[in-house]
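Subject: Structure handover

Hello,

Here is the structure that I said I would pass on. Please look it over first; my notes on it follow below.

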Amino acid sequence: MLGLKLPTDPRWVDIVEKNIEEILTDHAYCEQKAATNAITVIVNFPEYPDVVEAMAELVKEEIEHFQMVHNELLKRGYQLGRERKDEYIHDLLAFLIKGGSREQQFVEKMLFGAMVEARSCERFRLLSENISDPELRVFYRELMESEARHYVMFLNFAKKHATTIDVDQRWKDFLQYEATLMDKYGKKETIHG
């Protein structure tokens, strides 16, 4: 369903299990950044009322997810650490076409969102199936389903509002590019790292 060209090595879960506090802190900030991204879409593309409405709902959901992850940290006796730079996101942003028409900018933003949600979904699936902690298995299963819905939403908005751009081709380009990045990721206890 996700179309990712290079799956995460399942041994990534072994890395995660060595530092649950780190993965939960990184995950919390990912949720916060997802909420911020949705707000940015609202600010930059107010001409799409359906997108604005969906992004407003997404902001609420992502902040709820942030709270869930934060609560998970506290429940385990940890605290939210400092935000870390997300190199994966930085690399994805470098692939976006800069400038161009508003339609091009919108499509790029939607496909960027879809890609982040797709990889997060794939990582959450791995955690839900392979992490030894039974509570975290359930936790990540629920979040995986949410990420899958977000992925579909972003991709569908790109297709719905593009009139001059071949969204399917651009998505294939995104998938190919993202696959080239994955050689350097999956080696740290972070959601995308």
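A nonpolar core, as the term is used here, is a set of buried Ala, Val, Leu, Ile, Met, Phe, Trp, Tyr and Cys residues joined through side-chain atoms within 4.5 Å. Buried means under 20% relative accessible area, exposed means over 50%, and partly exposed is in between, with a 1.4 Å probe and protein chains only.

This is a predicted model, in which local features need pLDDT of at least 70 and side-chain atom pairs count only at pLDDT 80 or more, while totals for chains, interfaces and linings use all residues. Residues are numbered from 1 along each chain as its sequence is written, and side-chain values use heavy atoms, with hydrogens and water left out.

**The core**

The largest nonpolar core has 62 residues, and those with the most contacts inside it are Met55, Leu111, Met115, Leu127, Tyr140, Phe157 and Trp171. At least two residues of this core come from each of α1 (12–17), α2 (20–44), α3 (49–75), α4 (87–95), α5 (102–130), α6 (134–161) and α7 (167–181). Helix α5 gives the largest share, 13 residues. Helices (H or I, at least four residues) and strands (E, at least two) are DSSP runs, numbered from the N terminus.

Contact means heavy atoms within 4.5 Å. Not counting residues up to four places away in sequence, Phe157 touches Asp50, Val51, Ala54, Met55, Phe106 and Met110.

His27 lies in helix α2. It is buried, with a relative accessible area of 0%. Residues up to four places away in sequence aside, His27 touches Val69, Phe124, Phe139, Tyr140, Leu143 and Ile191.

Leu96 is in the loop between α4 and α5, and it counts as buried with a relative accessible area of 15%. Apart from neighbours within four places in sequence, Leu96 is in contact with Glu108, Phe112, Arg170 and Phe174.

Gly193 is found in the segment after α7, and at 10% relative accessibility it counts as buried. Gly193 and Trp12 are 181 residues apart along the chain, yet their C-alpha atoms are separated by 9.5 Å. Trp12 is also among the residues that Gly193 touches, not counting those up to four places away in sequence; Arg123, Tyr185, Gly186, Lys187 and Lys188 are the others.

**Cysteines**

A disulfide is a pair of cysteine sulfur atoms within 2.5 Å. By this rule the count is zero. Cys30 is buried at 14% relative accessibility, and Cys121 is buried at 7%.

**The largest pocket**

About 380 Å³ of space lies in the largest pocket; grid points are joined across faces, edges and corners, and a volume is the space filled by probe spheres set on the points.

The lining has 22 residues, of which Lys33, Ala34, Asn37, Ile89 and Val116 lie nearest the pocket's centre. Two or more lining residues come from each of α2, α4, α5 and α6, and the largest share, eight residues, is from α2. By class, nine are nonpolar, seven polar and six charged. Here Ala, Val, Leu, Ile, Met, Phe, Trp, Tyr, Cys and Pro count as nonpolar, Asp, Glu, Lys and Arg as charged, and the others, Gly among them, as polar.

Regards

Note on methods. 1 Å grid on protein atoms, 1.4 Å probe; cavity = no way out; pocket = protein on both sides within 12 Å on 5 of 7 lines; lining within 4 Å.
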